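Hi,

Here is the structure I promised to pass on.

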Amino acid sequence: MNDVVVDVRNVTIRFNLASEKIDNLKEYVIKVLKRELLFQEFLAVKDASFQIRRGEAWGLVGSNGSGKSTLLKAICGILKPYKGEIIVNGVISPLLELGAGFDQNLTARENIFLNGTVLGHSMDYMHKHFDEIVEFSELQDFLDSPIKNFSSGMRARLGFAIATIVRPDILIVDEILAVGDYAFQQKCLKRMDEMMSGGTTLIFVSHSIDQVRELCDHAVWINKGDIMQVGPVDEVCDAYMESMEKKVAKK
Ligand SMILES: Nc1ncnc2c1ncn2[C@@H]1O[C@H](COP(=O)(O)OP(=O)(O)OP(=O)(O)O)[C@@H](O)[C@H]1O
């Protein structure tokens, strides 16, 4: 049996950055049509390869702007690699940036249904799980307020509660716990633990190395798009922390 659920094969992700300043949309369109707009190639992830097996928990670590979220988006299929391929076996429940899948002008109640649909659930399914979502998020008193008035922690509560009503094959959690309070973080960690006991594979991005060590068994350290190390969580986190400490000492 092939138990590899995410196979990242020599993946390079490229963005085109406009290399000149453009002040307005009209100027942009004219330049694109005249083929005068210059782009600079920027590789956010370079030749990344690793394999994640069923039931494993992987942490992605690295400093700001190193390519963690970009790699997660490619695993979710939101971004297409410029080179290489990613093979995913199973259903992914992605919990990416805060507010992704939410409409800021709709209420929490409406957003539960909207976000559920974005994740591929029927209205019927969302009706059945509505109370469970509200209970987990502890937002009973704010159900009819528009999301734009929510704090980042409240958005994280709602997003996490929706993304984890199903027991997906692969759960992807990007830095979302950072904005939740301590009690909510513990509640989320417990739920992730339970999901992993049930066989869910986890891919987790966090700047809290303690959380990565606690939750994950493997890790990838990425730095400015380069994969620095892949392997057992403690080895990778030790190497990453050592490099961070050296960086701090130099300053
Ligand atoms: N849509 C985009 N267009 C152009 N550049 C992008 C785009 N998305 C990300 N980048 C660039 O790719 C690089 C990696 O960004 P990414 O968000 O993956 O970093 P990260 O490791 O998740 O950072 P952080 O820890 O700060 O969240 C950054 O330099 C960022 O500016």
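Below is what I found, going from the whole chain down to single residues.

Two housekeeping points before anything else. Residue numbers start from 1 along each chain, following the sequence as written. The model is predicted, so to speak of local features I need pLDDT of at least 70, and side-chain atom pairs count only at pLDDT 80 or more, while totals for chains, interfaces and linings use all residues.

**The whole chain**

The chain has 8 helices and 9 strands; these are DSSP runs numbered from the N terminus, with helices being H or I of at least four residues and strands E of at least two. Its radius of gyration is 20 Å, close to the 18 Å from the globule rule for 251 residues, so the chain is as compact as a globular protein of that length. (That radius is taken over C-alpha atoms, and the rule is 2.2 Å times the number of residues to the power 0.38.) Along the principal axes, the C-alpha trace spans about 50 × 50 × 45 Å.

Of the 251 residues, 33% count as buried. By "buried" I mean that 20 or more other C-beta atoms lie within 10 Å of the residue's own; 12 or fewer makes it exposed, anything in between is partly exposed, and C-beta atoms are placed from the backbone. Two residues are in contact if their C-beta atoms, placed from the backbone, lie within 7 Å.

**The core**

Which residues have the most contacts inside the largest nonpolar core? They are Trp 58, Ile 203, Phe 204 and Ala 219, in a core of 58 residues. The largest share of this core, 7 residues, comes from helix α5 (residues 152-163). A core here is a set of buried Ala, Val, Leu, Ile, Met, Phe, Trp, Tyr and Cys residues joined through C-beta atoms within 7 Å. As background, nonpolar side chains in soluble globular proteins tend to be buried together.

Leaving aside neighbours within four places in sequence, Trp 58 contacts Ile 52, Leu 202, Ile 203, Phe 204, Cys 216, His 218, Ala 219 and Val 220.

**Around the ligand**

The ligand is surrounded by Phe 15, Leu 17, Ala 44, Gly 62, Asn 64, Gly 65, Ser 66, Gly 67, Lys 68, Ser 69 and Thr 70. By class, the shell has 3 nonpolar, 7 polar and 1 charged residues.

Helix α2 is largely enclosed by the rest of the structure, because 7 of its 9 residues are buried. Those are Lys 68, Thr 70, Leu 71, Leu 72, Lys 73, Ala 74 and Ile 75. Just after α2, Gly 77 takes a positive phi of about 90°.

In helix α3 (residues 108-118), the buried residues are Ala 108, Asn 111, Ile 112, Asn 115 and Gly 116. Seen down the axis of α3, they fall within an arc of 135°, so they line one face of the helix; the arc is that of the directions from the helix axis to the C-beta atoms. What covers them includes α4 (123-137) and α5. After α3 comes Gly 120, with a positive phi near 95°.

**A few single residues**

Asn 10, in strand β1, has a phi near 45°, a positive value in a residue other than glycine. Asn 10 is exposed, with 12 other C-beta atoms within 10 Å. Asp 47, in strand β2 (residues 39-53), also has a positive phi, near 50°.

Lys 46 lies in strand β2 as well. Leaving aside neighbours within four places in sequence, Lys 46 contacts Thr 12, Gly 225 and Asp 226.

Cheers

Methods: A residue is near a molecule or strand if its C-beta atom, placed from the backbone, lies within 6 Å of it. Ala, Val, Leu, Ile, Met, Phe, Trp, Tyr, Cys and Pro count as nonpolar, Asp, Glu, Lys and Arg as charged, and the others, Gly among them, as polar.
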